[in-house]
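Hi everyone, thanks for coming. Let me put the sequence and the structure up, and then we can walk through them together.

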Amino acid sequence: MNIGILGAGLAGLSAAYELAKRGVTVQVYERSHHVGGNVRTRQVQGYLVEEGPATIALGEGTLKALIEELGLTEALIGQQPAAYKRYLLRKGRLRSVSPRNLLFSGKILPLAARWRLLHEPWVRTSPLAEEESLAHFVSRRLGPGCLPLADAFVSGIYAGDIHRLSVQQAFPRLAEMEQRHGSLFKAVRKLPRRQPHSFAAGMQTLPVRLAAQLPLPVRLDTPVAALDHTAAGQWQLLDTDGREIAVHDHVLVTTPLHSAPRLPLGHVYPKVTYAPVTLLALGYTREAVRHPLDGFGFLVPGDEASGLLGVQFISSIFPGRAPQSKVLLGCFVGGSRQPELAALPETELVSCIHRELSGLLGISALPELAHLVRYPAAIPQYNLGYVQVQGALDTLERQLPGLHFAGNYRHGVSVPDTVAGAIHWARGLQVS
Ligand SMILES: Cc1cc2nc3c(=O)[nH]c(=O)nc-3n(C[C@H](O)[C@H](O)[C@H](O)COP(=O)(O)OP(=O)(O)OC[C@H]3O[C@@H](n4cnc5c(N)ncnc54)[C@H](O)[C@@H]3O)c2cc1C
């Protein structure tokens with residue numbers, strides 16, 4: 001049996017690696033000139049810049065086991081103690097977020113919201129069958145006063161809309177916490193701790209190592225434009241001119257659905273909404289920034305007058321990200337909240353973000369590094385009704401035997417979920 005995998009992002013590479021271990025002949029096809037998909041690290045002017053994810057919340061799961069198996073444990077780095085603090089933009093100022101500040105100070109939540117929050121353990125559990133938006137879930141359990149907090153939290157993961165994201169689909173662990181423990185407060189105390197990690201040489205370490213382990217090298221610069229059946233019931237991969245690239249028994253699609261190859265006549269992909277995000281890496285000399293940058297960064301609720309979704313204090317989180325006496329900030333702009341900002345011309349965007357940061361962090365000089373990466377379709381949104389998207393993909397898999405789907409629109413958007421989903425899929429494939 002042989003299988004063609006479309007897309008050399010983490011989903012495609014993880015699935016390929018797992019299948020190759022099982023003795024399956026596997027060939028990965030990648031449209032671009034590099035492996036890793038969204039995961040990409042660059043050295044720019046002495047800074048180590050992540051053009052996609054900068055951190056992975058590493059627990060005890062599949063991703064950790066994979067990293068060990070790949071011999072990459074030594075290359076892993078955890079967040080520095082200086083990065084434990086989290087900030088939130090509230091009323092135009094950065095506030096440190098801690099249980100104490102949340103409950104006993106009025107700087108983040110007003111008194112009525114704090115009082116309501118304390119009643120969470122006594123809120124009735126919702127019936128299992130009801131799909132709920134995150135906003136509805138948070139209002140019901142924690143009180144409407146906590147919506148700005150939820151909004152900020154979501155801007156850091158989905159860059160999405162809390163009124164549209166489905167708790168059951170986008171945050172299944174949150175829904176499960178309520179069902180299993182009857183209270184988020186009780187459940188949080190039992191949660192395993194997940195610390196942000198990366199690799200000393202950057203996130204690209206992982207896809208590069210995965211690709212290097214494959215018996216057949218990834219075919220780069222090979223966009224697959226269409227899929228068709230052969231008379232023998234195999235899958236034919238076609239290029240943009242309709243020429244055959246290869247034939248496989250099975251095909252795994254891990255490309256985003258909007259760039260996935262056309263399907264045989266009569267079949268279409270379900271529509272998935274993506275939020276646009278622009279990532280701006282800004283480098284400053286340390287002395288130009290008055291703020292101590294003593295934390296992971298800050299998140300921004302949608303009710304603040306801000307052009308930012310959030311900012312990571314990258315050089316405080318991990319060592320080796322900025323040259324000596326310099327600091328590196330990773331700024332996220334756009335999302336479903338302000339998609340038009342993500343599309344601003346580069347000079348306008350840089351000056352707008354620099355101006356805002358100057359006020360918030362006390363910056364007194366221009367950035368010496370400004371590196372911008374645009375993702376017009378960054379993160380798939382598991383909005384209300386997403387269960388129908390998953391159902392439509394299941395139907396395609398049933399109607400078109402040998403065709404399979406994995407990736408961040410299928411098993412969760414985070415790096416650990418994307419990798420785990422692809423590996424579990426590969427383990428479950430019948431290879432006879
Ligand atoms: C800006 C940004 C920041 C993020 N930050 C974090 C973070 O801090 N932590 C975290 O856990 N997650 C983060 N994520 C999410 C995470 O990075 C992604 O969900 C995950 O990497 C997606 O992997 P994937 O393999 O599903 O898709 P992708 O990485 O999108 O890979 C798909 C691949 O398919 C290729 N392709 C597309 N069309 C074709 C075609 N027709 N033929 C062949 N190849 C094709 C693409 O070139 C690409 O290489 C972030 C995402 C973004 C965009």
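Which atom of the ligand lies 2.9 Å from an N or O atom in the side chain of S259? A nitrogen atom of the ligand does, and I'd call that a polar contact, meaning a pair of N or O atoms within 3.5 Å. A word on the source: this is a predicted model, where local features need pLDDT of at least 70, side-chain atom pairs count only at pLDDT 80 or more, and totals for chains, interfaces and linings use all residues. Residues are numbered from 1 along each chain as its sequence is written, and side-chain values use heavy atoms, with hydrogens and water left out.

Now the shell. The ligand is surrounded by 33 residues, each with a heavy atom within 4 Å of it; E30, T55, S259, V413 and V415 are the closest. Helix 1 (10–21), strand 18 (369–380) and helix 15 (415–428) each give at least two shell residues; these are DSSP runs, helices being H or I of at least four residues and strands E of at least two, numbered from the N terminus.

Finally, the domains, with bounds from an automatic or database assignment: domain 1 (2–39 + 61–76 + 203–272 + 382–428) and domain 2 (98–191). Their C-alpha centres lie 34 Å apart.

Methods:
Polar contact = N/O pair within 3.5 Å; in protein donor to acceptor, adjacent residues only side chain to side chain.
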